[in-house]
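Me: I am new to this structure and would like to learn how to read it. Could you walk me through it, one feature at a time?

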Amino acid sequence: TSTALTIETSIPFAGHMIDTPSRSVSTTPSEILTFFRDMATMRRMELAADSLYKAKLIRGFCHLYDGQEAVSVGMEAAITKKDCIITAYRDHCIYLGRGGTMIKAFTELMGRSGGCSKGKGGSMHFYKKDSGFYGGHGIVGAQVPLGCGLAFAQKYNKEDTVTFAMYGDGAANQGQLFEALNMAALWELPAILVCENNHYGMGTAEWRAAKSPAYYKRGDYAPGLKVDGMDALAVKQACMFAKEYALKNGPIILEMDTYRYHGHSMSDPGSTYRTRDEVSGVRQERDPIERIRKLILTHDLATTAELKEVEKGIRKEVDEAIATAKESPMPEPSELFSHVYSKGYGVESFGADRKELKASLL
Amino acid sequence: KQMNVRDALNSALDEEMSADSRVFMMGEEVGEYQGAYKITKGLLDKYGPDRVVDTPITEAGFAGIGVGAAYYGLRPVVEFMTFNFSMQAIDHIINSAAKMNYMSSGEISVPIVFRGPNGAAAGVSSQHSQCYAAWFGSIPGLKVLTPYSSEDARGLLKSAIRDPDPVVFLENELLYGESFPITEEALDSSFCIPLGRAKIEREGKDVTIVAYSKMVSYSLMAAEILSKEGISAEVINLRSIRPLDRDAINVSVRKTNRLVTVEEGFPQHGVGAEICASVVEESFEYLDAPVERICGADVPMPYAANLERLAVPQIDDIVRASKRACYRSTSGSMTVSG
């Protein structure tokens, strides 16, 4: 399974102020099988999160990634954990891609102490600093200057690493994005702006929010690539290309043409602003997992039955992760006051009734 | 020995940049221009453009970049040309910086300092003349410091830069050129002032006056006038708005039984309101008179010199309120219709 393969991307890349990379992507059977496994795991995890939400085991906002999996796995295949990723609130699968575990993800979603943020962040605030994952941010667009700040620090420390700052087509219109890109370009920061264009910012179609929805061209002076974000190999090729470019020259924009099957969040059925035909059309023609399944079968890397077996194993893994997560206790009430500061100097902090509940911050 | 506040801040930055290569400066005009108020004078020459970074006029963008660099472990000092412009970046200060350590349960700390002039300036009308102490002071996760003297400026800025949490460091433009006596100890490169501790600038027994930043100097001058009238005022320099030194305030009020708060900010939901609440909660039975608040007028800052004077606390206001607290005769009140 280590024989090298060369696979053509689904469609050519489109470039803005830059020559596009080759459509021929080098890969291996084991990489393709890993793509299948990882994406199927992500898909299953998000569908399970949907059920847990409906069962009221997950609270608040919950934004699911199903449909967009190829972006995460393709990106991870191109970079190392010394490179950084930062994203918005649709972060469960990015966390998984960075090496986070399903158990910690589900535990966090259920607001329990064993979660990746010990139950204090919830769905939108997953982190894994030891493998370069900086969240998990709830304010649309804010993560892009933050990501350029990570890239600033990487360059400041003279490390040959880069940051991928991810945002949606909705966030693409935020002013601070252009502020950050301007500085990243002035200072040649190793920042890659990844626009995950799923075509709807909440319920607003891209063309209703952007005078120019060609997001890869929106950087003006910064080069851009448009990538089929449903093709994990195309994503990998683009990310390898972008990393190399950014280390030498500064920022580049990658527009990933992708799609979310779920609504924007759990309160959105996802059917008022787009047709069911549109959603099922994407599923039939562009689904990132089905594309890889087809590739595996065409190249005889595994049989249909073997892939079914993999999926069956994943379902079991997900069920077990949920069962383990449910056993994690809720955070201790004293955790209310932990981590307000990194160094609290023993200062007093107060509960709702300050005579009844107060704490000394460590 | 004397030192002005500008030199105190400049020397603190210089020493911390020299001691720790992770510390860098960024902001508008901090480099080649040597700082809009010359606080960063000479730093570009000494540390180079990688560590003294001139930014475009894009506060949201560079505040966010600073916070991101702090996530990664650098120690940015972000200058706002004035804190009025920090409103463009307040989302990054509050949502990206102050809440990160908590949301991540300690995984990602944010060692950053946001600094610059704050409060009432002179003759610049409404948008350039406002105190943001109460705004930032209300946010758990932030530390908010308000230096008054050169000693404060040095010791607090050095502590702020060494602190692992986000610090909002509110300077005052009108104090930059003021000289203060400074001790050898305060000039030592190891000199740091612990955060969250107020300083008693003048001891007294009849009334407690609590102030911060420029209002400390007005309060000290008011105390001098009061002493001539036989009233002994204790003046507390808060130094830190958050953490707020409630103990120091309450200990003093339990001694004097009277309290006057002084700030340049707006009265509603102000720093004085919080201090008043703390004293009512902790020391109600010690109070011999209602708490007095001296604040900026409850209006946007006007331009005309006579109106501006009316909008900012004056020494006379502090003297009058202190006498009222001591039940000493004062003139009647004035009501005008707007």
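**Reading the model step by step**

Reply: Let's begin where the chains meet: 38 residues from chain B and 33 residues from chain A make up the contact, two residues being in contact if their C-beta atoms, placed from the backbone, lie within 7 Å. This is a predicted model, in which local features need pLDDT of at least 70 and side-chain atom pairs count only at pLDDT 80 or more, while totals for chains, interfaces and linings use all residues. Residues are numbered from 1 along each chain as its sequence is written, and chains are lettered from A and ligands numbered from 1 in the order in which they are written.

Me: Which helix gives the largest share of the side of chain B that touches chain A?

Reply: Helices (H or I, at least four residues) and strands (E, at least two) are DSSP runs, numbered from the N terminus. Here α3(B) gives the largest share, 11 residues. By class, that side of chain B has 16 nonpolar, 17 polar and five charged residues. Ala, Val, Leu, Ile, Met, Phe, Trp, Tyr, Cys and Pro count as nonpolar, Asp, Glu, Lys and Arg as charged, and the others, Gly among them, as polar.

Me: At what angle do α4 and α11 of chain A pack?

Reply: Two packed helices are described by the angle between their axes and the distance between the axes. Helix α4 (residues 102-109) of chain A packs against helix α11 (residues 304-327) of chain A at about 50°, with the axes 8 Å apart. That makes α4(A) oblique to α11(A). Angles under 35 degrees count as roughly parallel, over 145 as roughly antiparallel, 65 to 115 as roughly perpendicular and the rest as oblique. Axes are lines fitted to C-alpha atoms, for helices over the stretch in contact, and angles run from 0 to 180 degrees between N-to-C directions. Among the residues that meet are A:F106 in α4(A) and A:A321 in α11(A). The residues of this contact divide into seven nonpolar, two polar and one charged.

Me: Which residues of α13 in chain B are buried?

Reply: A residue is buried if 20 or more other C-beta atoms lie within 10 Å of its own, exposed if 12 or fewer, and partly exposed in between, with C-beta atoms placed from the backbone. In helix α13 (residues 315-325) of chain B, these are B:I318, B:V319, B:A321, B:S322 and B:A325. They pack against elements of chain B including β10 (207-211) and α9 (214-228). Just after α13(B), B:Y327 has a positive phi of about 55°.

Me: What share of chain B is buried?

Reply: Buried residues make up 57% of its 338 residues.
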